[in-house]
Every structure is written in C-alpha cells, then in structure tokens.
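Colleague: Could you walk me through this one? I'd like to hear about the helix packing, the cores and the charged pairs.

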Amino acid sequence: MSRILVIALLILATNICLGQTVATVGSRTITAQDISLRVATEAVYGHSGLTSSAALVSLINDAIEREVAASLGVDATVAEITQLGQHANTTSKAPQILSQVKAVYEGDTDAYNRLYLAPKVVNRKLREYYGVNVAPGAQARSTAETVLQAVADGNTLEQAAGQSGLSVTSYSVAKDSGQSGLPPSPLAQILDGLNVGDVYSEPYEDSVSFQVIKLVSESAGEFSVESIVVNKPDQRSWLQGRASTLTITISDASLRQAVQLGYSSLWWVSQL
C-alpha cells in the first residue's frame, strides 16, 4: 500500500472526505486531499509524522503567498511552472527523491503543479518583487523626507518625529573605522562635514532604514548624534501587510481548533 493511500485512509478515518474543502484563503480552496498530499510529500523529505494541522498551516501560508502574488500581477504562470518542472527533471541533484515525490501524486499533474511546483515559483517571484520594489524603501524614504522638511520648517527633532509617530534616539559614531588602513564609516564621513547643531540635508540610508541625522557634539574620537529612524519594512512584515485583508477560514472544526492551539503566534490565526 502506497504512502499516499495510507495517509488518505487516515484522513478518511477522521470523517473528512478527501474532496471536501477544509479551508479557504481568499479565492483559493484547500481540500483534505491537499493535506494528505502535503503530509506524504514532507515524509519523502524525511519529515515523517507531520500532523494534518501542520500540513494545513503550510498550505495556507502557500495560498497566502499566491493571493498576494496574484494581487501584484506576479503569480506563477503555466509556462513558469512547466519550465520549473522540466528543470527539476533534468538537473535535480536528488533524482530519487524527486521520483518519490512524483509517486506521491500518482499522475495527478494538476495537484503536482499546484501544490509542489507553483509555491516554489511564487516564493521566488515575491522575493524578486520585494527586492526591486519594496526593499529600497520608497515609503520609508518618503516618510524620512517629510520629517526632514518639518525640521527645515523650524520644528525641533522631537516635534518633527512626533508629527510622523516616530521618536528621537541618540548614539555615538566612531571617527575612524578602528581598523588600520580602512577609511571611516560612510556616516562618520558625513558627520565630519557638519558643524555641531547641523541636521544632515538629506535622509541617511543604510541597509535597514532611513535616518534624519543631527550632529549634537563631537570629541577627539567620536561624534554624538540624535536621529529619527524610519525603518524599511522586512519582507515578512510587508507580506503580512499585503495579506491583511484576505479572508481566511478553516471550516473543519477539529482542524481549526488544532491550528488555533498549536499556531497562535501566526498573525492570521487570530483572524479565524
């Protein structure tokens, strides 16, 4: 008896018909059969004993990504899914595992494409979209520019920060890199060109934020600054924000309870 048949019988034993819809995410449905296929697929990769609730959480997360991708116009296309399938067939470093995964789906190409291949395409495309359109922090830059303009208009840093729901922090910046032969940090070089009391004329950008910087004082070895920090969104927070209006339901009461008890830290669980 195949693994997939064993899993299917286990689900049937819990009085859930394989074709029954057990959850919805926006316009997408998740069935009991989808859960059985995810459990069996994970077992191929050595994750045996995956519970139905854990498999459902995984499927809901995939569906959330697909709904967000569709809203952005970057959902997986048939051509991309087909290309990934062909690529896996010819270049897989673990052909035996891929063969076992395909055996799980027992020739159900639609389910294989939808549950196994499409999530991989969507995850990659969302990361690419985030990297090009979100990670540079257009909204964060705009907020920092608004704060900077408020300062230029005569507001104190505290007043300007408060107008945008932000706060002022203080820290020190070393005048040199601390390593022989290396130049000072980019921020130290900027501060070196300011007079005490000056606010830098544009938002200072690093990998995680934009800052409005004021030089408060300096000594022989360091600069003291006040800063209003506008953080760039991380990808997880960005995805959650994009998905926050999705309607997510779990119609099966026992699965819903198991998810609520075991995965309460997930943002969407509180909306069930």
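**Charged pairs, cores and packing**

Modeller: At 53% relative accessibility, aspartate 110 counts as exposed (exposed is over 50% relative accessible area, buried under 20%, partly exposed in between, with a 1.4 Å probe and protein chains only). Keep in mind that this is a predicted model, in which local features need pLDDT of at least 70 and side-chain atom pairs count only at pLDDT 80 or more, while totals for chains, interfaces and linings use all residues. Residues are numbered from 1 along each chain as its sequence is written, and side-chain values use heavy atoms, with hydrogens and water left out.

Colleague: And which side chain does aspartate 110 meet in a salt bridge?

Modeller: The partner is arginine 114, at 3.8 Å from N to O, where a salt bridge is a side-chain nitrogen of Lys or Arg within 4 Å of a carboxyl oxygen of Asp or Glu. Both residues lie in helix 6, four residues apart, or about one turn of the helix; helices here are DSSP runs of H or I with at least four residues, strands are E runs of at least two, and both are numbered from the N terminus. Arginine 114 counts as partly exposed, at 32% relative accessibility.

Colleague: How many salt bridges turn up in the whole structure?

Modeller: The search finds eleven. One of them pairs glutamate 205 with arginine 141, their closest N and O atoms being 3.3 Å apart. That pair links distant parts of the chain, since glutamate 205 sits in strand 4 (residues 204-205) and arginine 141 in helix 7 (residues 138-152), 64 residues apart. Glutamate 205 is partly exposed at 36%, and arginine 141 is partly exposed at 34%.

Colleague: What about lysine 175, which residue does it pair with?

Modeller: Lysine 175 forms a salt bridge with glutamate 218, with the closest N and O atoms 2.7 Å apart. This pair also joins distant parts of the chain: lysine 175 is in the loop between strand 3 (168-174) and helix 9 (186-192), and glutamate 218 is in strand 5 (residues 209-218), 43 residues apart. Lysine 175 is partly exposed, at 24%, as is glutamate 218, at 39%. Elsewhere, salt bridges that share partners join Arg28, Arg66, Glu67 and Asp75 into one network.

Colleague: Back to helix 6, at what angle does it pack with helix 2?

Modeller: Helix 2 (residues 32-44) and helix 6 (residues 109-134) pack at about 65 degrees, with axes 11 Å apart; the axes are lines fitted to C-alpha atoms over the stretch in contact, and angles run from 0 to 180 degrees between N-to-C directions. Asp34, Leu37, Arg38 and Thr41 in helix 2 meet Ala111, Arg114, Leu115 and Tyr116 in helix 6, contact meaning heavy atoms within 4.5 Å.

Colleague: Now the largest nonpolar core, which residues touch the most other members?

Modeller: Of its 49 residues, those are Leu56, Ile60, Ile64, Tyr105 and Leu126, a nonpolar core being a set of buried Ala, Val, Leu, Ile, Met, Phe, Trp, Tyr and Cys residues joined through side-chain atoms within 4.5 Å. Helix 6 gives the largest share of this core, eleven residues. Leaving out residues up to four places away in sequence, isoleucine 60 touches Ala23, Val25, Ile30, Ile248, Ile250 and Trp268.
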